[in-house]
Amino acid sequence: MLSREIFEKYDILLVDVFGVLWNGVDWIAGALDTLEHLVKLGKTVVILSNASVSAKHMLDKYASSGPSLGKHFSGFVTSGEVLNHILKNHKLSFESVPHPKKYAILGTHVVHNFENTLYEYTDSLDESDFVYVSIPQLANDQKSLLPNELQKMLYRSNMSSSDKIVWDSSSLDPFIPQLREIFEKKKPLLVANPDKYASVGVLNPENGTEYIKQLVVRQGSLGEAYVKMGGEVLFIGKPYPEVYEFALHFAAKNEHVTFSDLKNKKIAMIGDTLETDILGAQNASKKFGLNVESILTDTGISYRELSEKSVEARREIYKHRRIIPTHEVGSIALDDKVLF
């Protein structure tokens with residue numbers, strides 16, 4: 001059996017980006033061809049990403065070589081879109097701060113999600129009601145303050161520009177002091193990307209001339225560490241149901257059915273990570289009374305951990321974790337292998 005036989009049996013496919021379509025440096029072989037094939041068959045394809053930016057921002061970024069509306073997908077939903085909807089409708093609330101107004105930022109200074117909302121940025125942690133966790137990267141001046149052993153964990157990001165260099169980290173350690181300070185001041189965190197890690201393009205430290213793939217920490221790692229400290233965190237994105245609700249409402253509209261009628265449709269989430277994509281499909285099924293199946297690809301985060309395990313050993317791990325993909329395939333390419 002080939003992977004196309006798995007993909008083609010569904011009416012609606014929710015598709016992750018990082019690790020499924022994009023490997024951090026380039027598009028995964030066959031990925032865009034598969035999307036185009038499925039759209040031509042009349043499938044509803046919704047790209048569902050934990051990116052904390054808008055879908056428009058993502059599409060603009062990949063405009064020259066990436067997927068396009070109508071040809072490769074029917075809709076595009078990001079956790080950033082869901083966050084923006086929550087902010088514009090004044091629905092943001094924490095247990096400790098039911099009606100927050102001011103926010104500080106941990107990570108790169110990105111505020112576009114808060115534009116045209118009632119929420120106000122402050123550079124004072126004391127004055128803030130909550131802390132928004134942006135992309136965990138460091139500027140040059142922040143890097144220079146770290147001890148040498150932590151600087152060795154940093155990689156120059158391909159998101160750097162000629163006038164602004166930013167550094168990704170393979171470890172959570174550079175951010176622990178900031179998290180402790182936030183915890184001491186009892187501020188809740190807002191995390192709009194629950195992904196713990198991402199494979200991204202970084203400048204090769206050995207030659208400084210080419211970009212290579214490197215696993216680096218992302219917002220979900222900071223959120224998880226803060227929860228372990230005892231802090232309050234509001235997560236938005238996979239595996240939490242709200243982002244699936246957005247995607248499924250779009251799918252229902254595209255299929256010309258009501259949301260409740262989706263129970264008669266065959267739906268699958270294609271993702272590379274057990275704890276976000278696959279668990280999210282399970283959570284959406286329970287939350288909305290639907291049967292959202294899942295397809296795990298061996299091209300991303302979970303495969304790094306499980307690559308040396310046999311199929312039987314992997315299935316035991318899935319069972320133990322209670323995160324069980326319906327199928328597992330080599331990649332999203334149409335003619336790749338099916339493990340089960």
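## Terms and model

A residue is called buried if its relative accessible area is under 20%, exposed if over 50%, and partly exposed in between, using a 1.4 Å probe and protein chains only. The model is predicted: local features need pLDDT of at least 70, side-chain atom pairs count only at pLDDT 80 or more, and totals for chains, interfaces and linings use all residues. Residues are numbered from 1 along each chain as its sequence is written, and side-chain values use heavy atoms, leaving out hydrogens and water.

## Aromatic rings

A pair of aromatic rings is described by the distance of the centres and the angle of the planes. Rings of Phe, Tyr and Trp (its six-membered ring) pair if their centres lie within 6.5 Å; planes under 30 degrees apart are stacked, over 60 edge-to-face, and the rest tilted. The structure has 13 aromatic pairs. In one of them, the ring centres of Phe235 and Tyr240 are 5.6 Å apart and the planes are at 5°, so this pair is stacked. Phe235 is buried, at a relative accessible area of 17%, whereas Tyr240 is partly exposed, at 31%. Ring pairs also join Phe94, Tyr103, Phe114, Tyr119, Tyr121, Phe130 and Tyr132 into a cluster.

A charge sits over a ring if NZ of Lys or CZ of Arg is within 6 Å of the ring centre and within 35 degrees of the ring normal. Lys143 lies over the face of Trp167, 4.6 Å from the ring centre, and the charged end of Arg315 sits over the ring of Phe340, at 4.1 Å from its centre.

## Parallel strands

Helices (H or I, at least four residues) and strands (E, at least two) are DSSP runs, numbered from the N terminus. Two strands pair if DSSP finds at least two bridges between them. Strand β1 (residues 12–15) runs parallel to β2, and four bridges join them; within this pairing, Leu13 has Val45 as its bridge partner and Val15 stands opposite Ile47. β1 also pairs with β14 in the parallel sense over four bridges, with Ile12 opposite Ile267. β2 in turn pairs in parallel with strand β3 (residues 75–78) over four bridges, where Leu48 is partnered by Val77.

Why is strand β2 largely enclosed by the rest of the structure? Six of the six residues of β2 (residues 44–49) are buried, so the strand is largely enclosed. Thr44, Val46 and Leu48 cover one side, and Val45, Ile47 and Ser49 the other. In β1, Ile12 and Leu14 point one way and Leu13 and Val15 the other way, and all are buried.

## Crossovers

A crossover is right-handed if, with the strands pointing away from the viewer, the path from the first strand over the helix to the second runs clockwise. β1, helix α2 (residues 31–40) and β2 make a right-handed β-α-β unit. Another right-handed β-α-β unit consists of β2, helix α3 (residues 55–61) and β3.

## Nonpolar cores

A nonpolar core is a set of buried Ala, Val, Leu, Ile, Met, Phe, Trp, Tyr and Cys residues joined through side-chain atoms within 4.5 Å. The largest has 36 residues, of which Leu14, Phe130, Tyr132, Leu190, Tyr244 and Leu248 touch the most other members. Elements giving two or more residues to this core include β1, β2 and α9 (241–255). α9 gives the most to this core, with six residues. Apart from this core lies another, of 31 residues, among them Val17, Leu35, Val39 and Ile270.
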